[in-house]
Amino acid sequence: MSPAGETPSLPLPEFVEWSIFPFEGELRVRQPKPLYPTDRPRSGEPGGGPCHACAAGDDEYIWVDKRWRVSAARPSGVPVQVFLETREHLDMDDLDDEMAGELGQMIVRLDRAIQAVGGIGRVHVARWGDGGSHFHMWLYGRPRGAGQMLGFCLPMWAEILPPTPEDLWQANMAVVAAELAEVSGTAIARP
Ligand SMILES: [Zn+2]
């Protein structure tokens, strides 16, 4: 029921009843807003503020090579959460065929490197790119056996569950960095 005078909410989707959905209780769909004429500028675009990735030194990353860098997210409710970035300021549609091919290899290498931490059921990969214009992908290591964290709700669970303790987080990052450095590049994160 919507209060008098308000547009009735859209019906709730089925997934709010699924066990992977992190919320329960009475829910209501937020009113969809009309579209703006265009997207607002992202960081690294005119009017969107400076690009943090371009300003960051290699010491702020866990692993680097000539064209790619991997950084740790702040500790979250999953054992591993990292970003894969291009070293140069490029967006996804700027990648030439060679870089696009390397991107595929980097995703697969990271999938293996994150699994090397142990206890990982699946590595989830996402590209949104709505906040920063410098190309970056999100990679999450989902804990094995975490039946409530399957699929598209994992990023929400990662924000909801207590963060992984800092020392364990750093140790996991060192494993990921060392695994990547077995093939190429330099591990910055150390055990
Ligand atoms: Zn940049």
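A residue counts as buried under 20% relative accessible area, as exposed over 50%, and as partly exposed in between. By this cut-off Phe 15, in this predicted model, is partly exposed, because its relative accessible area is 28%. Phe 21 counts as buried, at 14% relative accessibility. Of the 191 residues of the protein, 38% fall in the buried class.

The protein contains 4 helices and 6 strands. Along the sequence they follow the pattern α-β-β-β-α-β-β-α-α-β. The C-alpha trace spans about 60 × 45 × 30 Å along its principal axes. Among contacts with a separation of 6 or more, 60% join residues 24 or more positions apart.

The 6 strands form an open sheet. Their order is S4-S5-S3-S2-S1-S6, and the pairing is antiparallel. S4 and strand S6 (186-187) are the edge strands, each pairing on one side only. Strand S2 (residues 68-72) pairs with S3 over 5 bridges, in the antiparallel sense. Arg 69 faces Glu 85 of S3. Two helices that pack on the sheet are described next. Helix H2 (residues 97-115) touches strand S1 (63-64), S2, S3, S4 and S5. The direction of H2 makes about 165° with that of S3. Helix H4 (residues 166-181) also packs on the sheet, where it touches S1, S2, S3 and S6. For H4, the angle to the direction of S3 is about 45°.

A zinc ion is present, coordinated by Cys 51 (SG), Cys 54 (SG), His 89 (ND1) and His 134 (ND1). The 4 donor atoms subtend angles of 103 to 117° around the zinc ion, so the arrangement is tetrahedral. The ideal angle for four tetrahedral donors is 109.5 degrees. Along the chain, the donors of the zinc ion follow the spacing C-x2-C-x34-H-x44-H. The site links distant parts of the chain: Cys 51 and His 134 are 83 residues apart. Cys 51 lies in the segment before helix H1 (52-55). His 134 lies in the loop between strand S4 (120-126) and S5. Both Cys 51 and His 134 are buried.

The structure holds 8 aromatic pairs. In one of them, the ring centres of Phe 15 and Phe 21 are 5.6 Å apart. Their planes meet at 55°, so this pair is tilted. Phe 83 and Trp 138 form an edge-to-face pair, with 4.7 Å between centres and 70° between planes. Phe 83 is buried, because its relative accessible area is 17%. Trp 138 has a relative accessible area of 23% and is therefore partly exposed. Ring pairs also join Phe 15, Trp 18, Phe 21, Phe 23 and Phe 152 into a cluster.

Pro 34 lies in the segment before H1. Pro 34 counts as exposed, because its relative accessibility is 71%. The C-alpha atoms of Pro 34 and Arg 190 are separated by 48 Å. Along the chain these two residues are 156 residues apart.

Notes
Residues are numbered from 1 along each chain as its sequence is written. This is a predicted model: local features need pLDDT of at least 70, side-chain atom pairs count only at pLDDT 80 or more; totals for chains, interfaces and linings use all residues. Side-chain values use heavy atoms; hydrogens and water are left out. Rings of Phe, Tyr and Trp (its six-membered ring) pair if their centres lie within 6.5 Å; planes under 30 degrees apart count as stacked, over 60 as edge-to-face and the rest as tilted. Buried means under 20% relative accessible area, exposed over 50%, partly exposed in between (1.4 Å probe, protein chains only). Donors are N, O and S atoms within 2.8 Å of the metal (3.2 Å for Na, K and Ca); water is not among the atoms, so sites may look incomplete. Four donors count as tetrahedral if all angles lie between 85 and 135 degrees; four count as square planar and six as octahedral if opposite donors are over 155 degrees apart and all others between 65 and 115; anything else is irregular. Two strands pair if DSSP finds at least two bridges between them. Contact means heavy atoms within 4.5 Å. Axes are lines fitted to C-alpha atoms, for helices over the stretch in contact, and angles run from 0 to 180 degrees between N-to-C directions.
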